[in-house]
Amino acid sequence: MQKKKFSQYLLIIFVVLLALANMADASVKWKLSHHRPVGSTIDVDLKKFAGDVGKATEGRVKIEVFPAAQLGGSEIVMERVGIGAIEMVLGYPTTTMDPRFDIYNVPALAKNYDELEKLFSHGSPFMNIIHGTFAKLDMHTLMSYCVSFVGLGLKHPVDGMLDADTKHKEKIRTATLNSFRYPAEAIGYLATPIPMNDLFTAIQTGIVDGSYGNGPEVVYLQFRDVIKSYIPIRAQSDIFFLVVNKDAFDGLDVKDQKIITDLANKFEKNRFKIAAQEENNWLKRLAEKGTKIHELNEKQVASFHKTIQDFSWPKLKKDIGEKFFNDAIKARDEALKK
């Protein structure tokens, strides 16, 4: 009799262990890529997000974070997320994927962090436009991630650099995106697309005289030894998007989809709360290292934004597509009214 009971206990233990093994096998494991360095604010935040997801889903969704472009640059990884080769990425879409993606970079969309939050928060009419563009490429947008506004960094002070309408002979590095090239041209500089990895040497050797489109964190961490004047024009922002392969997300239980969505919304809101303060902190650190910060008054900011908008918007409307551009600007205006 005791032998029979012992066999029954063994059978129960075996069934329990088998069930636990099946539960473990049922969990999904996602790779999450980003291009910022190990230990950066983004890296810390994403590792916390991954840990929170694992905990909240009781291990059903496990996310491993790969920083510093270990899986490839943002553009490459985002394309791989679209085809399902990698599950997640925090990065920026480019016009090589779809010309309409330049809509989120349109300059002078917002003049402060309150307006940025209205535009890029979950459920915003403008953000819905971006969601729809990602969806067409089989990606589901979980959140935007606001780093800061961007500005103009110069190796040396330039005559008239605080006047939006002065023409300059200096060459300024910009990203290859027209949405960043046009603003640099609008304020009178010679826009020169150069890969980010080559920028330090390009400034150091005089190939270019500065860079437009970097936030103070990037300038401090990578270029503080060669950029000695920084103007926070704040016509554009350093915004990234956390996206997941649509099939991977749709394959989750509805309960886990909601858990991840709620956590992403929480992270998104928190970023907007602290982004302005973080920008100020990085500007302060830059100043402490010898970079002169040229803060603009309200009239100067308005002048820069108007000059940039008047020059850039007609060109971007043609690049992106008139109907899509107009619909997005209408959604932007609607979002800012709320």
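On a 1 Å grid over the protein atoms alone, a cavity is a set of points where a 1.4 Å probe fits but cannot get out, whereas a pocket is an open set with protein on both sides within 12 Å along at least five of seven lines, and lining residues are those with an atom within 4 Å of a point. Grid points are joined across faces, edges and corners, and a volume is the space filled by probe spheres set on the points. The model is a predicted one, in which local features need pLDDT of at least 70 and side-chain atom pairs count only at pLDDT 80 or more, while totals for chains, interfaces and linings use all residues. Residues are numbered from 1 along each chain as its sequence is written, and side-chain values use heavy atoms, with hydrogens and water left out.

By this rule there are two cavities of 30 Å³ or more. The largest cavity has a volume of about 80 Å³, and its lining is made by Tyr104, Asn105, Val106, Leu109, Ala110, Leu116, Phe120, Phe149, Ala235, Gln236 and Ser237. For the classes, Ala, Val, Leu, Ile, Met, Phe, Trp, Tyr, Cys and Pro count as nonpolar, Asp, Glu, Lys and Arg as charged, and the others, Gly among them, as polar; the lining of the largest cavity then divides into eight nonpolar, three polar and no charged residues. The second largest cavity holds about 30 Å³ of space and is lined by Arg36, Pro37, Glu217, Val218, Leu221 and Gln222, a set with three nonpolar, one polar and two charged residues.

Among the open spaces, the largest pocket has a volume of about 960 Å³. Its lining has 34 residues, of which His35, Tyr92, Arg173, Ala175 and Met196 lie nearest its centre, and it divides into 16 nonpolar, 14 polar and four charged residues. Helices (H or I, at least four residues) and strands (E, at least two) are DSSP runs, numbered from the N terminus. Helix 3 (74–83), strand 8 (210–214), helix 8 (216–223) and strand 10 (237–245) each supply at least two residues of the lining of the largest pocket, and the largest share, four residues, comes from strand 10.

The second largest pocket has a volume of about 280 Å³. Of the 14 residues that line this pocket, Lys111, Glu298, Val301, Ala302 and His305 are the closest to its centre. Helix 11 (residues 298–320) gives the largest share of the lining of the second largest pocket, five residues, and by class that lining has six nonpolar, three polar and five charged residues.

Turning to the sheet, two strands pair if DSSP finds at least two bridges between them. Six strands form an open sheet in the order 7-6-8-5-9-11, with mixed pairing. Strand 7 (190–193) and strand 11 (292–293) stand at the edges, each with a single partner strand, so one side of each is left without a neighbour in the sheet. Strand 9 (residues 229–231) pairs with strand 11 in the parallel sense over two bridges, and Ser229 stands opposite Lys292 in strand 11.

For the protein as a whole, the secondary structure comes to 12 helices and 11 strands, and the C-alpha atoms fill a box of roughly 100 × 45 × 30 Å, taken along the principal axes.
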